Structure formats: structure tokens, C-alpha cells
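This briefing is meant to be read alongside the sequence and the coordinates.

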There are 2 protein chains.
Amino acid sequence: MTRDMTVENVKGTKDRGPQEMLVQERVVDTIKQAFLAYGFVPLGTPALENFDVLSAKGAGGDAIKKETYNFKIAGRHLGLKYDQTVPLARYIAMNPHFVTPFKRYQYDRAWRYEDIKTGRYREFYQFDIDTVGSESMRAEAELLAAVARAIRLLGFKEFVIRINDRKLLNACMTKAGLNPKKSLDAFRAIDKLEKIGKKGVLFELIGLGIDERTAKKLLDYTGLRGNAESVLARLEKEFVNEEGFQELSRLMRFVNAYGIGKNVQLDLSIARGLDYYTGPVFEVEISDAGLGSVGSGGRYDNMIGLFLGQKIPAVGFSFGVSRIVDVLKIAGMVKEVESVTDVFVCAVNESALENAIMLSVQLRDAGLNVETDVVSKNLKKQIAYADKKQIPFIIVLGPKEIEKGIATIRDMKSGKETRAKLERIAPLLLKNK
Amino acid sequence: MTRDMTVENVKGTKDRGPQEMLVQERVVDTIKQAFLAYGFVPLGTPALENFDVLSAKGAGGDAIKKETYNFKIAGRHLGLKYDQTVPLARYIAMNPHFVTPFKRYQYDRAWRYEDIKTGRYREFYQFDIDTVGSESMRAEAELLAAVARAIRLLGFKEFVIRINDRKLLNACMTKAGLNPKKSLDAFRAIDKLEKIGKKGVLFELIGLGIDERTAKKLLDYTGLRGNAESVLARLEKEFVNEEGFQELSRLMRFVNAYGIGKNVQLDLSIARGLDYYTGPVFEVEISDAGLGSVGSGGRYDNMIGLFLGQKIPAVGFSFGVSRIVDVLKIAGMVKEVESVTDVFVCAVNESALENAIMLSVQLRDAGLNVETDVVSKNLKKQIAYADKKQIPFIIVLGPKEIEKGIATIRDMKSGKETRAKLERIAPLLLKNK
């Protein structure tokens, strides 16, 4: 045998072994349950999109265009999607006669050709929800309530939903004397506040040709954060007639009805890097032990219209699935396991094999996850396998046991052994499941 | 608003709307449950692989190499995976110290740049299981038992597992006088028997430079099919000392222990198109109403060695997920639904909105899937939405009801209305779930 190639992952991608995938699948099932409880339904869109869809003006914007995997095949310019939102907009444009509102969830991969030095992956999993066809802040509130439900079902106790509004930010920019043409660039600079600090943002803003006084005033506004009541009170005098202020006030009314008001902070530094947001924007942070952001989103009322030629309002949120898996691990909230097998049925020798298999079939039909040997291992090695795979129980079956219609169950942790009639085994093990 | 692009799917890909995705997710959950019951665990490998991995000699072979989406980015030659097996082999090569056997499942996309005139898609979903590290036919038998369990859990009553063996086919070819160098090409021709008939295959074999007498003899062998006992009895005299014959005999012993012997047919026309198979090969057909193949697989003892430089036996099976979804629909075995929402809580006017939201939160906490209006619709339109989305119950809540602490529940099918205290609603609806 020869190895004539480099056996490795594509740079920026990684394999997910069973330990990690068992956690990831639990995370995905939990989020799905929360979203179904709010009436969101699944949508599937392909990985591949035509590049002119992905690079459409008003979609992801120039920054993300540069990061899009794209290539030509048979004269067609294709790309791998960089999010679930642009394909959703394309889907709506192709299926414009949907029942309003269209509320969909989507668990899927996305790809961005990013700098991998930052520890980011170029292929990653997102779990998105979007509500299409509602201009009302009720849509935002419901979306955030569904997100909050998912976070609680995942086991997190302390989390903060940080909210801002693009329209309010625009109003702040106008008050600060900023040229509106520079607002998108300024949003992206402000979005880095957490990462590069106030000085860094100031430097970037000045780099954009914004004069220092304007930049500093902008930074004063974006320094505002706290519970909604206090922030709205501080903004009221200057901004009460602004649509952005009013949106946030209405949003808070509904947010409180959902009982998640205590988890909300208004934070004027939240800008979100993507071009397409038009109203409220949000970020969700797990605050147990400062574990950081697990997802973000916002309102994008213009993007679908770009594809459809007719304005359709929409709001969405995207969980970073791998981020949640990491956070659960760091917080010690998940037990990483090698398998979810309940019991391994050992055959002491070749002649007991058929009976071991038949017993395994019965136990599965009773609702247990069961393994038997498939490699022709001797008893000792079968037990060693069960041990390595952290299987909690083994059953030992030999000719004598078969004759008597009994078997020995061993609790692998305590070493305690119980002899039981074959038909009693399933109920005994189910009690311990 | 302008549309300056063609808003369409990439050729050979499609969107999956909520109706289809709700079925697909049920299918995936069901298959997963069956595989977990047999001790298989999930693995995640990326969509992107280095092209020299995908195109390695002994992997998919030349036919599939031509169908691989591949492109160069920043000087690297990448491709989208065309199956889950080659990435598994690469993963094993990179993680060679696994506990034997390594039993993994994987639900994922694959891409093949195929002729779309045949109705095939270029992006499709597979659900694979593979057992790595066992030479024993016990591995095949367990794999097929897990597959059979999945098929039964999906609701299919009648299915056939058609089995052949590449080694036995090789022995047939030798007996027929075929040059062994032509065996892979002959396998691919024979694999089309169902599609192009005996005459078509004969024509293809002769086209490969095989003389007519040899080709006809080959077709005689590959015409053999039936229950295992009768086929093995007919082959015994000529092939009893052949490894392929002995593998199938051993396999049947274990298959019978799993209780799936009645679902197995030996069929010497099953060859499978892929180059990498080395032993038993199988195809699973739903025979209710002749619905055809839903998956296939086989033993591939040499492929992992190619990546690792050390021989590792393996056997795998792959379900075509979209095919199963189609078959379930054609057979009328699934009800296609717009949503899985249990109840819609209507607010008769703006003032009842907060109470409607609060009630919806309570009902979700009780285990129901609940929607409320997020678009500011009037009562009539809220009810029309619930109707279009086939939501079985609505609750009507107005100021009077709120004052009295009651609400009206309407069964949308019968039109029957019930008035109940708010705290009695959840138990009432849960009974109907």
C-alpha cells in the first residue's frame, strides 16, 4: 500500500468526531424543539447558489463577497452560500405566494473564506430562524422569545439579549454630523468595539475620513447601554420622534409580554457587520462566566425586495452552532461520551453468538441501545471494548446460561453482577436508563 | 427596486419547502434512532476535501472523478465530496488509533455533477452507516439488521435486501473465461441489468471487447437470484471452495440470527458501480408497490489502507434520503402538513394582545406548539392564517374573556367550540395532541 497524497483536511475545515457530534446533535434537536414550539417550520436550500445571487447588491455586501467561495463550472459562475439569509430571500422571490407570515428555521452549513488565524473556521454550522412578511415589532419579539426558549432548553440560566436599531444609529450619526454615505463603514467600525476597544474604533473612524469631533460624539452615543427603561429614558429627549426610538419602544412592550424583558439590554454599540440590516439588530450573549456571543440577527426589510422587485419585510436570527457546542463544553454543562449504547451483550464463545444476537434484537425492540461483538473478539476483549466505549452495562451469555434461560448483568461502574431470567433483563435495564 | 440577476436555483439543485422538509426531518430522526439502537455514533466530515483525496486511485474511480465538483482557490485544488465513504477513509487515516470496531453514522449532503436529464439531482442527501475494523461477516449482518430496523421504523412492511459478493462475481467471471482486467468494467455493465435489460448489458459487454460466448455465460451466472438457500445450493457444486461463496454462507448464518433472513435474496446481478467494493455488496428495495431501491452498500477492504498505508477492513451502507421521502409520498404513507403547530391563540383586538402572548407562553411551557399573530392582523385574518396552515385548534381571547379568566377553544375541523378556564386549556389540548 502506498500513500501518494497528503491526507489532511482542507485548510479552515475540520472533522467532528463522535464525542463532539453527539453534543452537536443534541444542541440541534433542542433548538429545533424550541423553534417548532413557536410555529417555525424547516426549509432546505442548497449549498450551491449562482454567484450573482450571492454577490447581489444589498445582499451580503462587498466585505462578504470577497470571502465567498466561488468558481466556474461549465461556464457557470457558482458559489457556496455564506449564510442562510440570502438563499431564503432567493427562495421567497421564487415562491412569492407564501402564506404571510412565512416563519422558517434552517440548520445548515455556510462557508466563508476567512482569515483562519483568528481561530475561525471556513466551513461552519448555523441554526437560523426568520420571519418574512411582517413589519411589526411583534415579529422581533416572537423571534427573540423563541431564541430565549432555545437558550433555556439548552440549559443556560444567564443570558443577555443586546439590542440596538440601525435607524436609531443613523439618527445618532446625523446628530453627530456624519455624512450618511459613510454610515455603513461606520457601522462596521463600531461593531468592533468589543474586539478593538474605544481607541481602536476611534482610529478606524478617523481612518474613514471622519473628523475627530464627529467620531468622538458618535462614540459617546454608542457608549450607551443598560436596561431598556433607563436607556430609552436617556434617549427620549433627543430622539423621541425618531422611528428607531419608536421601534425600540414598541419592541419592548412585546418583549415584556413574552417575559424576557429582564434578559434584554439596549446597547447602542451593537451595529452588526452585514450591510442588509435596516431596523433592530441583536446579539445574544451567554453571561454565565462571560462566555460571549452565541448568535445575532436583525431586521432586513430591503433584501428580499432586491430579488423579488417588491418590498417584503423580514427579520432573522442566526445561532452559531459550533460556538454553542464550545460554550457548553467550556461551562462543563455536557458530559462528553463515546457512545449512547445502554448495554453490550457478550457471547462467551462462538456457540453462544446466535443467542447473544437474538437477545440483542429483543432488547432493542424493548427500547434499549445495544451492541454485540462484530469482530470475533474473545470475552476479555469484548469487555474491554464495552469499557472503552463507556457502555454502562454488559450481559454475559454462555452455553450454561442459555440452557437455563438466564444471563449475568454486570454494572460496569460498580462491578456489581446480577443474574436474571432473559425476559427480565429489558425491564431491569430500562429502569436504569 | 430592480432585479438585475436571474433568480433561480443552480442547475441540478433544488429547494425543499417546509412540507417536504418536515417529512425529511422525520425520516432522518427515524433512521438515526435505528442506528443508535445498534451502537453507531455520528461523525461529521466537511463538504470540502482536497481533490487529490477525492480522486485517489482506489477511491471512487474514474467515472466518479469526472462527476466531482472541483475548483482551484488560492492555488489549492479542492472538491465537494461525492459520498461519505472517502472522507471517512481519510478521517480514519488521520485518526488511526480508534477503538475497533469504529461504527459511525453520517447524515450529510454529497454532490455529483451528473447528467440531470435522468431526473437526478447534483446535490443530494445520504444517510450512511459504516463499520470499520472488522473482517467478519458479523459486521455485514449487523449493518443490514440496523438498516432493516430503520426501514421498519419508517413504516415499510415489505422490503428485500438483495445481496451479491464481488469475490463470487470474480469467480464467475473467471469460470466464464473473462480477462480479470476487464472485471471492473464488466461490473459496471452488469449493474445496469435492471435499467437496460439483458440485451443492453450483452451489447455493452461485447462493446468492452468481451467475446459473445463469454458474455453470454456471464449473463447466465448473473441471472441467478432467489432465496439464499436455493441460490447457495445451485452454486455449491461449482463454487464451494471460493471465498465469495463462503462469505455469503457465513453472512446468512448471522443474518438469520438477526431474524431478517426472510428479507434477503441472493442476486448475482447486483454488482454496484463503484470501484472500491471487495466483498459482499447489497441493495435494499421497498417491494410495497414496486417502489424500488432506497439504498445500497458493500464491503471495501482496501480503500482505507490506501489513505493509511495499512490495511483496514470496512463495510458500509448508504440510504438515499430524498428517495425515501419520495417513496413515502408515493406510497401515501406520510401526511404532508404545512406546520406542526397545535394551536393558534387569536387576540380579538390590540388590547388582548399581551394576554394572548402570555397564554401562548404558558401553553408552550406545558408542551404545546403555539402561534400568535405577529403581523397585526384582524381576527378574521388570524383565523384564515390558522386555517391555511392547517392548525387544528384556535383560541379566541378578548377583553371579556380576559376579565373572566376564560377563553373559547375552536376545533377547526368540526367547528365545535368549547369555553374553558385559562388554566384548563393546556390539559384539554394535550389530550388531543
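In this predicted model, the centres of domain 1 of chain A and domain 2 of chain A, taken over C-alpha atoms, are separated by 51 Å. The domain assignment of chain A places domain 1 at 18–330 and domain 2 at 343–431.

**Extent of the interface**

- Chain A contributes 108 residues to the contact, while chain B contributes 107 residues.
- Between them, chain A and chain B bury about 9300 Å², and 58% of this buried area lies on carbon and sulfur atoms.

**Charged and polar pairing across the interface**

- The rule finds 18 salt bridges across the interface of chain A and chain B.
- Arg109(A) is paired with Asp108(B) in a salt bridge, for which the closest N and O atoms are 2.8 Å apart.
- Across the interface of chain A and chain B there are also 44 residue pairs in polar contact, with both residues at pLDDT 80 or more.
- On the side of chain A that touches chain B, the residues divide into 50 nonpolar, 25 polar and 33 charged.

**Cysteines**

- A search of the whole structure, covering all chains, finds zero disulfides.
- Cys172(A) counts as buried because its relative accessibility is 1%, and the cut-off for buried is under 20% relative accessible area.
- Cys346(A), with a relative accessible area of 0%, is likewise buried, since that value also falls under 20%.

Methods
Residues are numbered from 1 along each chain as its sequence is written. Chains are lettered from A and ligands numbered from 1 in the order in which they are written. This is a predicted model: local features need pLDDT of at least 70, side-chain atom pairs count only at pLDDT 80 or more; totals for chains, interfaces and linings use all residues. Side-chain values use heavy atoms; hydrogens and water are left out. Contact means heavy atoms within 4.5 Å. Buried area is the accessible area (1.4 Å probe) that two parts lose on being put together, summed over both. A salt bridge is a side-chain nitrogen of Lys or Arg within 4 Å of a carboxyl oxygen of Asp or Glu. A polar contact is a pair of N or O atoms within 3.5 Å; within protein, one must be able to donate a hydrogen and the other to accept it, and residues adjacent in sequence count only if both atoms are side-chain atoms. Ala, Val, Leu, Ile, Met, Phe, Trp, Tyr, Cys and Pro count as nonpolar, Asp, Glu, Lys and Arg as charged, and the others, Gly among them, as polar. A disulfide is a pair of cysteine sulfur atoms within 2.5 Å. Buried means under 20% relative accessible area, exposed over 50%, partly exposed in between (1.4 Å probe, protein chains only). Domain bounds come from an automatic or database domain assignment.
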